[in-house]
Amino acid sequence: MGNKTLFLVKEVRAVRRFPAFLAIVFVCGQLVFWSAFSQAQVRFASGFRFNPHYVLPVTAALEKGLWENQGVKVKWLPFRSTTTMNRAVAAGEIDMGSVGLNSLIKAVSAGIAQVAVADPAISTDFYFWVRSDARIKTPKDLKGAKLGVTRFGSESHAYAVAVLRALGVEKDVKVLSMGGGRVQIAALKTGGIDISNLSFFTMAAVKARGEVRSVLRANDYLPKDYQHLHLIYSLRDFLKNNPARARKIIKGFLQGAEFVMKNRSWTIDQLKAGYRYPQAAAELAYPLLQYDVKGKLNKSRARSAIKFLVENNLLARDKAPPLAKLFAEGYTP
């Protein structure tokens with residue numbers, strides 16, 4: 001007999017002298033309490049809500065009841081930047097979420113008890129974007145420019161630093177933290193910055209309207225063995241205390257990712273309605289929304305990411321966390 005059953009039996013005995021209808025009301029109240037307790041919401045965060053590649057699996061899982069069908073309730077918490085999300089993680093306001101591998105490494109090195117539990121292989125390309133009428137035509141024209149990144153410490157910042165260093169102009173370009181994707185785009189359009197380093201998916205709608213163009217693809221300046229990745233993570237305490245629920249969250253996310261890839265009309269409608277993609281841009285972006293629905297972790301990618309961060313002075317070598325602190329295996333379907 002489980003703890004819940006024993007508890008209810010004791011409660012029935014305690015109220016057996018009460019009128020029957022009062023006893024029924026009391027016991028039903030306890031059942032509601034236990035049901036609410038068992039269905040407590042899992043707080044799932046998205047570190048950058050403006051990139052549909054990161055977010056659409058969550059949208060599908062919520063809209064199509066993929067988490068609810070497994071008996072878990074999810075409260076979705078979207079953020080404007082990963083660094084802002086990690087403040088909430090450190091404050092204990094998040095249970096699980098998705099995050100870039102670089103950001104995960106830096107968070108763990110700072111003492112945040114965050115751990116990767118699945119890898120849907122969400123990889124996207126970053127570009128240096130300028131206004132269509134900008135003077136900057138090629139990478140040689142970057143000197144003297146103001147470059148906006150989402151926040152210092154973000155994926156956008158890491159790639160900007162690596163590109164500027166590779167081009168030998170890191171001292172000639174002023175890098176500014178903008179605070180979020182939309183702020184970054186607005187600053188670019190109004191001339192507050194000359195360049196914005198954001199992903200293809202974040203800028204696709206603006207590009208389709210002819211307002212911006214790309215000067216370079218940031219990924220071309222990254223190490224050959226390095227790959228941008230967005231992972232599913234959990235807080236260590238949540239994972240320890242709720243392993244079954246963590247597995248259900250991962251499974252629902254991966255089912256959502258599979259739904260995105262298999263339902264073209266739904267995905268295109270989401271791109272148009274939620275991200276303001278024109279029809280042509282949505283159709284162009286759809287086949288690029290690829291995921292690994294097995295979600296298996298790959299530690300070798302973390303080694304490359306740590307090397308990348310250290311070599312670009314974004315992480316002190318002695319602060320690099322061991323791989324055992326970055327990954328928790330055995331939670332994917």
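Aspartate 95 is buried in this predicted model, because its relative accessible area of 9% falls under the 20% limit for that class. Its side chain forms a salt bridge with arginine 43, and the closest N and O atoms of the two are 2.9 Å apart. The pair links distant parts of the chain, since aspartate 95 sits in the loop between helix H4 (82–90) and strand E3 (96–100), whereas arginine 43 belongs to strand E1 (residues 42–46), 52 residues away. Arginine 43 is partly exposed, with a relative accessible area of 25%.

A second salt bridge brings together the side chains of aspartate 125 and arginine 217, at 3.1 Å from N to O. Aspartate 125 lies in the loop between strand E4 (114–122) and strand E5 (126–131), and arginine 217 lies in strand E9 (residues 212–217), so this pair ties together parts of the chain that are 92 residues apart in sequence. Both partners are partly exposed, aspartate 125 having a relative accessible area of 26% and arginine 217 one of 27%.

The next pair lies within a helix: lysine 262 and glutamate 258 are both in helix H10 (residues 243–262), four residues apart, which is about one turn of the helix. Their side chains meet in a salt bridge of 2.9 Å, N to O. Lysine 262 counts as exposed at 61% relative accessibility, while glutamate 258 is partly exposed, with a relative accessible area of 29%. Returning to arginine 43, salt bridges that share partners join Arg43, Glu93 and Asp95 into one network. Across the whole structure, a search finds eleven salt bridges.

Definitions and conventions. Residues are numbered from 1 along each chain as its sequence is written. This is a predicted model: local features need pLDDT of at least 70, side-chain atom pairs count only at pLDDT 80 or more; totals for chains, interfaces and linings use all residues. Side-chain values use heavy atoms; hydrogens and water are left out. A salt bridge is a side-chain nitrogen of Lys or Arg within 4 Å of a carboxyl oxygen of Asp or Glu. Helices (H or I, at least four residues) and strands (E, at least two) are DSSP runs, numbered from the N terminus. Buried means under 20% relative accessible area, exposed over 50%, partly exposed in between (1.4 Å probe, protein chains only).
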